[in-house]
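Biologist: I have a new structure open and would like to talk it through. Can we start with the ligand?

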Amino acid sequence: MASSKSSDTVNEGASAGPTSRWDELREELCTHPDGGFNIGAACSDRHLAAGQGERIAVRCLGPRMQQRDISYAELADRSSRLAAVLIGLGLQPGDTVAVLLRRVPELFVSALGVLKAGGVYCPLFATFGPGPIRSRLGLAQAKVLIVADDLYARKVAASRAALPDLHHVLLVGEDGVRTVPPEDCLDFTTLVEAASPAAAIATRPTDPALLHFTSGTTGTPKGVVQSHRAMLAHLITGRELFGLEPDDIFWCTADPGWITNTAYGVIAPLACGATVLADEADINPRRWYGILADEKVTAWYTTPTAIRAMMRYGAALARSYRSNSLRVAASVGEPLNTEAVLWGQKALGVPFLDTWWQTEIGSVAIANCPSETQRPGSMGRVLPGIHAAVVKREGSHLEVIETPDIVGELAIRPGWPSMLSGYVGNGVLLGAGLHDGWYLTGDLVRRDADGYYWFVGRADDMIKCGGLQIGPFEVEGLLMNHPALAEVGVVGKPDLLLREVPVAFASLNPGFQAGDALRAEVLAFARQELGSAMAPRELHFIPELPKTIAGKIMRRVLKAKAVEEPEDIDPLPLSSPCAEV
Ligand code: WTA
């Protein structure tokens with residue numbers, strides 16, 4: 001990656017001197033005479049002026065490999081029509097539009113259309129059940145929801161009365177067919193076809209654009225907001241890390257609800273004018289090798305979970321499909337161990353890069369870059385423009401650790417264009433939670449003498465399940481709605497494929513009998529309410545949950561129990577009195 005200039009700044013108006021590369025990028029993206037830019041227009045309309053209209057913007061592969069392509073001209077046109085529809089429905093700049101779609105062309109039209117209308121694009125996980133979807137729609141105060149018709153019927157319809165802010169629901173028939181919407185919904189395709197394209201709203205770089213939920217450890221999920229200028233970081237990492245050019249075919253395997261898909265499955269490749277490939281299937285090694293080769297994918301962004309699944313099938317299968325087009329592959333979301341890096345490089349025949357970032361950071365911040373020496377097992381070095389440090393909390397102050405190889409918390413200075421602008425909580429935009437001018441990531445790392453960062457662990461108790469971060473409190477809260485359960489503790493249990501899966505420990509209310517019938521009933525309830533991705537895979541009944549003096553569940557005791565494959569009603573070895581608070 002090109003080296004950074006120390007004068008680089010992303011603060012509006014702060015770079016009075018010679019033009020920085022951020023200013024150059026801003027000029028390039030500019031779609032408005034007043035110098036502002038709108039992600040929706042910069043990812044579509046801008047390429048038409050450059051004569052790229054006929055190029056395929058997005059190719060979606062359906063469950064049976066049916067292809068649905070959409071050109072840049074079509075994407076620009078349909079997203080501008082959707083913007084007109086949304087404005088016509090009364091959407092005001094800054095209003096949130098939630099999107100609950102699988103990987104279909106309408107997902108891309110929706111993302112860009114919402115942004116062109118000045119709205120905030122808030123994608124949700126289709127694997128979530130009615131409970132998490134309802135709470136996120138409520139926290140986001142979403143005014144409009146664009147949703148697949150089947151997902152609406154199964155996961156949203158029953159919650160409508162509890163969502164007073166949700167004024168309009170647009171239904172999408174995901175195989176491209178029109179739906180006959182119920183009385184309180186509208187048909188997406190009919191409205192889009194009937195509308196005249198609207199010009200994108202002239203948003204300022206600091207206007208809110210993206211909202212993604214990441215599960216907090218304390219109670220409700222956190223909604224993280226990024227503004228339009230986040231696109232500067234998506235464009236630059238797309239170009240300099242993945243080397244994206246208009247000829248590229250870029251495949252990001254992330255779920256549409258995850259910020260990884262918004263940043264690298266939508267914005268970065270479209271900003272670079274490349275073709276995005278989106279496959280409907282979840283991890284499926286044989287199919288995925290076929291896609292890499294047949295679709296001539298040039299750059300691939302996936303997760304350690306996917307690579308671990310592919311490793312199980314062996315290198316011979318990988319070699320039998322080897323794609324000549326692939327140039328680079330990379331991974332994000334969890335630690336990528338050295339064996340996986342080396343295996344990936346051998347099997348795919350290209351550099352396999354670990355990259356680190358978080359929802360709050362908005363785009364890749366630390367990476368093994370193709371242009372630098374890679375250090376397998378490390379997350380890589382900070383990208384130009386990012387100011388990172390390893391810190392130790394000393395009371396209310398932070399001490400920056402300069403000595404190499406000392407473990408501390410990874411901290412980032414705000415200023416990177418995709419850094420969160422705030423959290424949404426109960427409708428209020430909160431401050432970004434800075435400490436001594438640093439944003440604390442909650443990740444424990446060490447930095448070696450050459451500046452490579454090594455992941456050590458999470459400072460908190462999040463359960464990392466594949467690409468999902470599951471907050472134990474959210475799962476516990478919903479399980480407690482079952483009448484049999486008195487108390488619930490949820491922890492991550494190590495899993496070869498997904499890294500961790502949620503497992504639950506529960507004590508029972510009087511009058512309920514522990515046993516297989518009740519376990520099956522509660523687990524089914526959990527899947528119904530939470531969705532299969534978030535629901536606990538196991539449930540163990542215990543007489544009492546281990547607690548600290550302050551009444552906090554001692555998750556590490558439960559974690560130890562989870563690994564031992566506990567049996568029901570097996571009393572836990574509680575150390576008493578307990579010193580922890
Ligand atoms: C973890 C995903 C180790 C980390 C874009 C971080 C990683 C959290 C890596 C963010 C990596 C992400 N090595 N751990 N390369 N990348 N993580 O918000 O704990 O879903 O804080 O953002 O994933 O997850 P999030």
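Biologist: Which ligand atom is 3.3 Å from a polar backbone atom of glutamate 334?
Modeller: A nitrogen atom of the ligand. Keep in mind that this is a predicted model.

Biologist: And what lies 3.2 Å from a polar backbone atom of glycine 333?
Modeller: A nitrogen atom of the ligand again.

Biologist: OK, what about glutamine 358? Which part of that residue is 2.8 Å from a ligand oxygen?
Modeller: The side chain. An N or O atom there sits 2.8 Å from an oxygen atom of the ligand.

Biologist: How much of the ligand's accessible area does the protein cover?
Modeller: The protein covers 98%. On its own, the ligand has 540 Å² of accessible area.

Biologist: Then at what angle do H5 and H10 pack?
Modeller: About 80 degrees, with the axes 12 Å apart. H5 covers residues 105–116, and H10 covers residues 259–271. That angle makes H5 roughly perpendicular to H10, because 65 to 115 degrees counts as roughly perpendicular.

Biologist: Which residues make that contact?
Modeller: H5 brings Leu107, Phe108, Ala111 and Leu112. H10 brings Asn261, Gly265, Val266 and Leu270.

Biologist: How many of those are nonpolar, polar or charged?
Modeller: The contact of H5 with H10 has six nonpolar residues, two polar and no charged ones.

Biologist: Next pair. At what angle do H6 and H7 cross?
Modeller: Roughly 95 degrees, and their axes come within 9 Å. H6 runs over residues 130–140 and H7 over residues 149–156. So H6 is roughly perpendicular to H7.

Biologist: Which residues meet there?
Modeller: Pro130, Ile133 and Leu137 in H6 meet Arg154, Lys155 and Val156 in H7.

Biologist: And the classes for H6 with H7?
Modeller: Four nonpolar, no polar and two charged.

How values were computed. Residues numbered from 1 in each chain as written. Predicted model: local features only at pLDDT ≥ 70, side-chain atom pairs only at ≥ 80, totals over all residues. Heavy atoms only, no water. Axes fitted to C-alpha atoms, helices over the stretch in contact; angles between N-to-C directions. Helix = DSSP H or I, 4+ residues; strand = E, 2+ residues; numbered from the N terminus. Parallel < 35°, antiparallel > 145°, perpendicular 65-115°, else oblique. Contact = heavy atoms within 4.5 Å. Nonpolar A, V, L, I, M, F, W, Y, C, P; charged D, E, K, R; others polar. Polar contact = N/O pair within 3.5 Å; in protein donor to acceptor, adjacent residues only side chain to side chain. Areas by Shrake-Rupley, 256 points an atom, 1.4 Å probe, with all protein chains shown as cover.
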